[in-house]
Structure formats: structure tokens, C-alpha cells
2 protein chains.
Amino acid sequence: MSIFLVDEYKDMEPYLPGEQPKDKPYIKLNANESSMPPSPRVFEAISKGEIWNMSYYADPHCHEFRKAVAEVYGVTEAEVFVGNGADEVLSFVLMSFFRRGMKIYFPDITYGFYRTYAKTYGLDMEEIPVRDDFSIDIEDYMDLKGDIIFANPNNPTGMTVPIADIERLVKANPERMVIIDEAYADYSGETCLPLAVKYPNLVVVRTFSKSRNMAGTHIGFAVANRDIIEDMNKIKFSFNPFNLNSITMAAGIAAVKDTWYLDSCVKKTVAARERFKAALERMGFHVIPSKANFVFCYHDAIDSGELCDRLKEEGILTRHFADERLTKYLRITIGTEQEMEVVEIAIREILKEAVGEESIDMRLYECVGA
Amino acid sequence: MSIFLVDEYKDMEPYLPGEQPKDKPYIKLNANESSMPPSPRVFEAISKGEIWNMSYYADPHCHEFRKAVAEVYGVTEAEVFVGNGADEVLSFVLMSFFRRGMKIYFPDITYGFYRTYAKTYGLDMEEIPVRDDFSIDIEDYMDLKGDIIFANPNNPTGMTVPIADIERLVKANPERMVIIDEAYADYSGETCLPLAVKYPNLVVVRTFSKSRNMAGTHIGFAVANRDIIEDMNKIKFSFNPFNLNSITMAAGIAAVKDTWYLDSCVKKTVAARERFKAALERMGFHVIPSKANFVFCYHDAIDSGELCDRLKEEGILTRHFADERLTKYLRITIGTEQEMEVVEIAIREILKEAVGEESIDMRLYECVGA
């Protein structure tokens with residue numbers, strides 16, 4: 001630590017992203033990335049001509065990209081903010097609308113970065129416990145005075161709050177901002193996007209990192225009332241005007257327009273998720289019904305931390321959380337059908353050692369989904 | 001403006017980047033971009049395989065990229081921070097080491113974004129007037145208590161402060177942070193980089209947007225004491241851990257290693273600058289001797305704002321500033337030799353109208369440089 005670091009950051013705990021070991025090849029199912037490549041249109045868009053064009057600054061207003069997003073989602077360009085990942089978009093939301101000491105509420109079980117943000121911006125955060133079954137009870141939030149943020153579907157559970165409940169929450173108090181992180185909404189098929197342009201106090205944040213298979217491109221966007229977007233752009237222009245480079249925007253425009261590819265990838269992931277869930281249940285796992293691209297599960301016969309370590313030895317990365325309420329569970333991202341077959345085989349072998357061959361269903365993965 | 005915008009941002013004036021009109025083709029000499037393409041190695045690096053790889057998150061620690069930068073500049077990875085443009089790097093410096101109300105000093109004539117930053121972060125800024133000839137007098141800064149930032153070479157003048165003077169300033173008070181923005185240092189050939197790893201209170205910021213011809217890629221980096229870099233990374237991980245995407249880093253690694261291409265482009269630009277300066281002077285312009293990739297100049301017979309407008313009509317973008325001390329001048333970025341020939345022709349034609357044919361030297365550009 002240098003002598004210059006601002007006091008309030010001295011004991012800050014930065015967010016810890018899922019590990020990325022490089023010591024051997026891994027099946028990477030620990031960060032809710034997609035194992036499928038970006039749209040073929042993205043491969044076309046990043047042409048030699050586009051690379052040549054990199055010697056000039058990209059459009060800091062991101063007009064073409066915002067227009068493309070707006071068209072696909074049936075809103076206007078003025079209602080769209082684009083950023084360097086949903087993390088940056090959320091950071092600009094916090095920077096624009098929250099001041100030191102302000103109150104923010106979020107579920108105790110949700111995307112861990114909200115806690116990091118709250119600390120970064122010196123907010124007075126309060127975590128609202130989810131129910132024992134991990135569901136969010138919207139009634140807990142109805143009378144709160146401060147702003148509210150959560151992910152829907154939620155992470156790491158994959159559970160959703162009904163859109164009608166979110167609308168009630170938004171309507172209940174127009175002076176309270178509600179931020180819904182829809183990183184996984186393409187998998188649930190349920191979205192607040194139409195509400196974001198209907199109510200002046202709802203911000204919906206989306207990402208290209210999951211269903212558009214572009215985590216490495218790191219694109220996110222927000223849809224909200226045009227005044228909110230205007231404010232966010234003002235802050236962006238005061239922090240880093242050129243937050244998206246030209247290649248990234250070319251890739252983003254190509255990707256967002258390819259709705260056919262998006263649908264096709266989402267369908268494959270949802271099908272693989274349901275097959276994998278059934279396979280886990282046959283092996284005796286408890287699996288929370290997920291509407292995202294991951295499952296959250298545990299087995300009575302094996303500690304989830306140990307299972308995570310054993311899978312890593314087998315070259316499969318999954319995510320185990322240390323938090324008290326989560327530690328019983330393991331989060332496994334849904335990769336391709338082929339990857340999930342291999343994961344099933346690996347888990348079955350580990351379980352065989354733990355509980356003995358006779359107690360688990362030995363039928364192979366592919367017998368079931370068909 | 002929404003009802004949610006934080007009070008202190010309500011009257012903020014965001015930074016206004018050079019305009020990017022698209023109504024017709026322009027020779028773009030208004031934002032100090034290079035007109036040359038990125039290194040051929042960058043075209044190779046952004047392969048189809050690299051695009052495929054975009055479905056997975058990039059390394060948030062940016063190890064490979066930082067290592068590549070460190071090797072080229074003879075420092076260690078721990079002394080390098082990489083970011084989404086020098087603007088973001090500077091933003092992380094401000095965010096990490098400056099708190100609301102803190103004092104920051106910079107010249108009254110320098111990169112306009114420092115003023116924006118100071119407002120964004122609520123700093124108590126004080127602008128130190130440059131001398132009448134636009135040079136920075138380091139003695140004005142020696143006894144100041146607060147932190148200091150300026151560009152070297154300075155923008156929009158292209159003038160430099162001797163490195164020995166900067167070293168004296170840094171040594172004079174180890175509790176004061178000095179931030180040197182070396183966006184244009186490849187053109188001057190003078191750098192504080194070796195000092196940045198020698199003194200614990202000096203941060204040097206660099207960009208790929210100028211001499212590496214990659215403004216559209218938006219890559220910047222800082223070199224400083226490892227404690228400072230560690231602090232900045234901590235803040236980055238609390239704001240946007242994945243600030244550089246995988247394609248951008250692949251491009252950056254390829255570009256930074258291609259020092260031969262860098263040198264060759266810099267030599268061409270410096271040669272074009274000197275030829276263009278001579279041509280301007282033959283036409284009667286006053287030109288500040290520049291060590292950057294632009295010239296700052298004026299002609300007694302024509303208002304610089306008018307010249308800027310007339311050049312724009314001719315499809316040539318230059319930058320005219322409204323600030324009182326700058327408004328007499330026009331900043332013209334140095335493009336390729338061919339572009340500068342065309343600019344010279346255009347300026348000569350405009351001048352002919354203003355002052356009459358007989359009063360200007362009619363010899364063509366190319367007669368001179370040879």
C-alpha cells in the first residue's frame with residue numbers, strides 16, 4: 001500500500017472474480033461464461049478494415065451501437081447506455097445516483113459485486129435475507145426507503161422474482177430507484193425491459209457476457225428513462241468518454257443484431273441445463289430449479305468444497321462460495337452438451353468413491369435427455 | 001436530468017472530445033490521432049481464434065499484457081498498470097489517491113480533461129498560469145503543497161519541460177504526488193519512465209492512442225512504484241475488474257512488442273511535422289516549436305477560428321479552442337506526409353483570398369522537405 005491511498009479504501013476488499021488457472025486445460029464452468037463462440041456475424045465484423053480503422057478514436061457517444069441495441073429491444077437510442085461490461089455500467093449507475101452514506105438494499109444472497117460497489121462508493125448498505133429456500137420475498141422490500149438492487153434471475157441460485165412483483169415494487173415509490181441486473185434474463189425469458197422505459201425509477205442492466213457468449217468482449221448496457229441515461233452519459237464523459245473501443249462496438253453491433261443465433265444458443269443451454277439437472281438428481285443431488293445458465297446444487301454424501309476440489313483435479317472448474325449460507329452448495333455453469341456429459345461422468349466417479357457404486361444410478365447422461 | 005443525479009454532478013461540464021462529423025469524408029487532424037494504421041502485428045494478433053476465445057472472460061490481472069509492457073520499458077510487471085485508455089488510467093489515479101476537497105495543481109494551459117477530472121472528484125484545483133511563451137516554469141511548482149499533474153510534451157502547445165526539472169520537482173517533496181502524462185513522449189524522445197520506478201511519488205501515464213496509432217483501441221498504461229500500482233489495481237477490482245477485453249489485450253501485446261514499427265511511424269510523423277512547420281512559416285504563420293504530433297500556430301492575417309471553419313469546409317478537421325489564452329491559435333495534428341501536403345494547399349488557397357497572392361510564398365510543400 002502506498003502512502004497516497006485514500007483512507008476509506010485502505011481496508012477495502014476488492015471483488016474476487018472466478019479463478020482462471022492456466023496450469024493445464026480446463027472445462028471452465030466457474031464464471032457463468034458460455035462455452036459457445038460469439039455469433040458468426042462477430043467474426044465477420046472484426047475485419048482487417050475494422051482493425052485499420054482503429055487508428056482513429058471510436059464514437060464516444062456510441063450512436064450506432066446504442067441505435068442497434070435500441071432497435072432490437074424496441075426502445076429508443078436515448079434510453080440506452082452502453083458500457084465496458086455490465087460491471088462498468090453498474091459502476092456508472094452507482095457513481096451517478098449514489099453518494100457517500102446513502103442507503104442501498106440488496107439480498108444477502110446475490111451477485112457479490114454489489115457489496116464491493118457499496119464499499120467503493122461508501123454507501124450504507126443493508127442486506128435483506130432471502131427466504132430459507134433462497135427465494136427473494138418482494139414484500140421485504142416494499143416499504144424500504146433506500147434504493148434497491150438485485151439480479152433477476154438471481155445469482156448463484158438461478159431463481160427469479162415475478163416481473164409483476166418487480167413492477168409493484170417500482171410503482172410503490174417513484175422516488176426510490178430500483179436497479180435490476182438482468183445478466184441471465186435471456187435464459188429465463190422474463191424481462192423488465194418494457195418497464196424500464198415505462199417508469200422513471202427503474203434501471204435494467206444487461207450483459208453480452210452470458211447468452212451472447214462474449215464475456216471476453218465485456219459489453220454491458222442499461223435501459224432506463226432518457227433522463228437517467230443522459231445523467232449516466234454525463235458522468236461517463238467526465239470519467240472516460242471513450243469507454244468502448246471501435247472493435248468492441250463493431251462486435252457488439254454484429255452480435256446484438258443476430259437474434260437468431262442468440263435464441264439458438266439460449267435454447268441449447270436451457271436444454272443442456274435441464275438434462276444436467278435431471279442427471280444430478282438421479283445421482284441424488286439437491287438442485288435448485290434454475291432459470292439461468294448454471295445450477296446450484298449439493299449432495300448429502302459429499303462436501304461441496306471437496307467436490308469442487310476433486311473436479312478441479314479432473315480439469316473441471318466450478319464455483320464454491322465460502323459464505324455461510326452458500327457453502328453447502330456448488331455452482332456449476334452450463335457449458336455445451338458434450339461438456340456436461342463429461343462433468344456428469346466425473347461427478348459419478350467421485351461419488352462412487354464417496355458412497356459406493358451400488359447407491360448411485362449408473363445410467364449414462366445421454367440415456368436421459370432423449 | 002433525472003431526480004436521482006447526485007447534487008455535486010448537477011452543474012458538471014463533461015469533457016468535450018474533438019468532433020467527429022460523418023457528413024462527408026474528412027482529413028481528420030483535430031484529435032491528435034495518427035493517420036497511420038496499427039502495427040501489422042496487430043492485424044495478425046486479432047485472429048479468428050482470438051475472436052473465438054472471446055466467449056471467456058479476459059484475465060482481469062492483465063498479466064501477459066503488463067509483462068509485455070514491462071519488458072519493452074525495462075520495468076517489472078508489478079510497476080505497470082494497464083487500462084481502457086489513458087483517460088481511464090488517470091481516472092483510477094484520481095480515484096485511488098485523491099479525495100473530495102484535496103488540492104491539485106496543473107498549468108492553465110494543458111490537456112482539458114484534468115479540469116474535468118478535478119470537478120468529477122470534487123477536488124480543489126488551482127491552475128498555474130504558463131509563461132507568456134506558453135512554457136511551464138517548474139519553479140512555480142516547487143513549493144506547492146498539493147499534488148501536481150501536467151502533460152509532457154504539453155497539449156496543445158507541444159512544448160516540453162526538461163526531465164531534469166521534473167526530477168527536481170519529484171525529489172523536492174516525497175509526500176507530494178507528481179503525475180506526468182506522457183501521451184506524446186514518443187515524439188519528443190524524452191521520458192520520465194526511468195524516474196517512475198526510482199521515486200515513490202511519481203506516476204507516468206502513457207497511451208497507445210498517439211504514436212502507436214491505436215486511438216480506437218483505447219489503451220493506456222501507468223508506470224509507478226509497485227505500491228502505487230497495487231493500490232490502483234485494488235481500486236480497479238472494486239470498479240470494473242475486467243477493464244480490458246481479450247481482443248484489446250491481444251492487440252496491445254502485439255503492438256507494444258513491435259518497437260521497430262513504433263520508431264518508424266514516429267520518425268515519419270516527426271519528419272512530416274518539421275516539413276509542415278517550415279511550410280507554415282513560409283506562409284507567414286507563427287508556429288510554436290512542437291515536440292509532439294501536432295503544431296500550434298496562428299497567422300496575423302486570418303482569425304484562427306475562421307481558418308478552422310474554412311478548413312472544415314474543405315474537408316479538413318483541425319482544433320480551435322475557445323479559451324481566452326488559446327483562441328488566437330489553431331492546433332493541427334500531423335497526419336501523413338500526403339495529408340499535410342493537401343492541408344498546405346488548402347491553407348495557401350484560404351490565405352490567398354485573405355491576404356492576396358503576392359504576399360505568400362507559392363512554392364509547393366514538397367520543394368522544401370527534400
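Reader: How do you know that strand β10 (residues 294-299) of chain B and β12(B) pair, and over how many bridges do they do so?

Author: In this predicted model, β10 and β12 of chain B are joined over four bridges, in the antiparallel sense. Two strands count as paired if there are at least two bridges between them, so four bridges are enough for β10(B) and β12(B) to be called a pair. One such place can be found by looking for B:F296, whose bridge partner in β12(B) is B:R331.

Reader: What makes β9 and β12 of chain B edge strands?

Author: The open sheet of chain B has three strands in the order β9-β10-β12, and their pairing is antiparallel. Its edge strands, β9 (285-287) and β12 (330-333) of chain B, each pair on one side only. If direction is ignored, neighbouring strands of this sheet are turned by 35 degrees against each other on average.

Reader: Which strands form the open sheet of chain A, and how do you know that β9(A) and β10(A) belong together?

Author: In chain A, three strands form an open sheet in the order β9-β10-β12, with antiparallel pairing. Three bridges join β9(A) to β10(A), and the requirement is at least two, so these strands count as paired. Within this part of the sheet, A:H286 stands opposite A:Y298 in β10(A). The strands β9 (285-287) and β12 (330-333) of chain A are the edges, each pairing on one side only.

Reader: Why are α4(A) and α10(A) called roughly perpendicular to each other?

Author: The axes of α4(A) and α10(A) come within 9 Å and cross at roughly 100 degrees. Angles from 65 to 115 degrees count as roughly perpendicular, and therefore this pair of helices, α4(A) and α10(A), is given that name. The residues in contact are A:F92, A:V93, A:M95 and A:S96 on α4(A), and A:D231, A:M232, A:I235 and A:K236 on α10(A). Sorted by class, this contact of α4(A) with α10(A) has five nonpolar, one polar and two charged residues.

Reader: What makes α3(B) and α11(B) roughly parallel, and what is the handedness of their crossing?

Author: Helix α3 (residues 63-73) and helix α11 (residues 246-257) of chain B have axes that come within 9 Å and cross at roughly 15 degrees. Angles under 35 degrees count as roughly parallel, and that is why α3(B) is described as roughly parallel to α11(B). The crossing of α3(B) and α11(B) is left-handed. On α3(B) the contact is made by B:E64, B:F65, B:A68, B:V69 and B:V72, and on α11(B) by B:M249, B:G252, B:I253, B:V256 and B:K257. By class, there are seven nonpolar, one polar and two charged residues in the contact of α3(B) with α11(B).

Reader: Which parts of chain A form domain 1 and domain 2, and how many residues of each are in contact?

Author: Chain A is divided into domain 1, made of 7-30 and 260-369, and domain 2, made of 40-257. The C-alpha centres of these domains of chain A lie 26 Å apart, while 21 residues of domain 1 are in contact with 24 residues of domain 2. On the side of domain 1 of chain A that touches domain 2, α12(A) gives the most, with five residues. That side of domain 1 divides into 14 nonpolar, three polar and four charged residues.

Reader: Why do the peptide bond from A:N152 to A:P153 and the phi of B:F134 deserve attention?

Author: Most residues other than glycine have a negative phi, and most peptide bonds are trans. The bond from A:N152 to A:P153 is cis, with omega near 0 degrees, and the bond from A:N155 to A:P156 is also cis, with omega near 10 degrees. A:P153 is found in the loop between β5 (147-151) and α7 (163-172) of chain A, and A:P156 lies in the loop between β5 and α7 as well. In chain B, the phi of B:F134 is near 75 degrees, a positive value in a residue other than glycine, and B:F134 has its place in the loop between β4 (124-128) and α6 (139-142).

Notes
Residues are numbered from 1 along each chain as its sequence is written. Chains are lettered from A and ligands numbered from 1 in the order in which they are written. This is a predicted model: local features need pLDDT of at least 70, side-chain atom pairs count only at pLDDT 80 or more; totals for chains, interfaces and linings use all residues. Domain bounds come from an automatic or database domain assignment. Two residues are in contact if their C-beta atoms, placed from the backbone, lie within 7 Å. Helices (H or I, at least four residues) and strands (E, at least two) are DSSP runs, numbered from the N terminus. Ala, Val, Leu, Ile, Met, Phe, Trp, Tyr, Cys and Pro count as nonpolar, Asp, Glu, Lys and Arg as charged, and the others, Gly among them, as polar. Axes are lines fitted to C-alpha atoms, for helices over the stretch in contact, and angles run from 0 to 180 degrees between N-to-C directions. Angles under 35 degrees count as roughly parallel, over 145 as roughly antiparallel, 65 to 115 as roughly perpendicular and the rest as oblique. A crossing is left-handed if the near helix is turned anticlockwise from the far one by less than a right angle, and right-handed if clockwise.
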